[in-house]
Amino acid sequence: MYAVVGATGNTGRAVVKELKALGEAPLCIVRNAGKAKEVFGADTETAIAELDDRDGLQKALAGVKRVFIVTGHNPSSAEQQINVIDAARAAGADYVVKVSGGRVVVGPDVESLNGRAHYQIEQHLKASGLQWCVLSPGLFMQNMLGQAANIKNEGKIVQPWPKDVPVALIDVRDTAALGARVLRDPGRHAGKTYWFTGGLTTYGAFAKVISEVLGKPIDYQEITLEQAEEGMKKRGMPDWLVAHMIAMARAGRNGAFGREDTQPIRDIVGRAPVDTRRFVEDYRGAFS
């Protein structure tokens, strides 16, 4: 049996959908069964567990052999995912696939709290005695959905990323397609870390694609890190999340996300990654 922990998030939903398309019936570990049924349908098997409750997780994972972990960022994410790993091992699982961050922003001393958490979780997983595989995708195209209101209402994108700095984005559906296949084949993938992205682009080029698909001009406005930080705080975002977003933007300004590697998607999924044009076409309703 397969289980997906974090099944109702963007990537988790895509993983469940991909596993179902491959003929599997994954167990969704969720906090709210009603939401899972609403997202996936009444035929989806669910188990209720809090990420802070290791005993509850162990009960939820009873009988599961392979676990996919993709929980949301928060200040307790290291403790929570370590709980999942330990609960999975205690429940008899033998293989865990974890979605991590990009290699350049994961480590014991990186600026982002979330990057340090990913490193801690990875180290724990590798020492757990379980078979494991770590996925390190590039920046998600779906982050652009945070600009949907600006695009729809004001015809602009406002963010602290230079217009012309190369950035290799990835669609969460590509992460899911790769992750589902990695989960199903530990013999091929256990003990490996896959770093992967979509095609190299720039945010200026991304804005142009959005403009072409929507048929209206989209103005790209770069703001400073200080302006971005002030704006996020005014919107009531928690300090830890503001700090993470600023850390990612600072790294991006320095070219940290400017390396492309589409080969894992091509080799394991058997197709090219989703490009920005298809992404905008698929999410057109959010932008218009």
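Student: What makes the meeting of the side chains of glutamate 212 and arginine 277 a salt bridge?

Tutor: In this predicted model, the N to O distance between the side chains of glutamate 212 and arginine 277 is 2.3 Å, and because a salt bridge requires a side-chain nitrogen of Lys or Arg within 4 Å of a carboxyl oxygen of Asp or Glu, the pair qualifies as a salt bridge. The pair links distant parts of the chain, with glutamate 212 in helix H9 and arginine 277 in helix H13, 65 residues apart.

Student: Why is glutamate 212 called partly exposed?

Tutor: Its relative accessibility is 41%, and the term covers what lies between buried, under 20%, and exposed, over 50%, so glutamate 212 counts as partly exposed.

Student: Why is aspartate 174 called buried?

Tutor: Aspartate 174 has a relative accessible area of 0%, and buried means under 20%, so aspartate 174 is buried. Aspartate 174 also forms a salt bridge with arginine 271, with the closest N and O atoms 2.6 Å apart.

Student: How do you know that lysine 98 has no salt bridge?

Tutor: The nearest side chain of opposite charge, that of glutamate 122, is 5.9 Å away, whereas a salt bridge needs the atoms to be within 4 Å, so buried lysine 98 has no salt bridge.

Notes
Residues numbered from 1 in each chain as written. Predicted model: local features only at pLDDT ≥ 70, side-chain atom pairs only at ≥ 80, totals over all residues. Heavy atoms only, no water. Buried < 20%, exposed > 50% of the residue type's maximum accessible area, 1.4 Å probe, protein only. Lys, Arg positive; Asp, Glu negative; His and termini not counted. Helix = DSSP H or I, 4+ residues; strand = E, 2+ residues; numbered from the N terminus.
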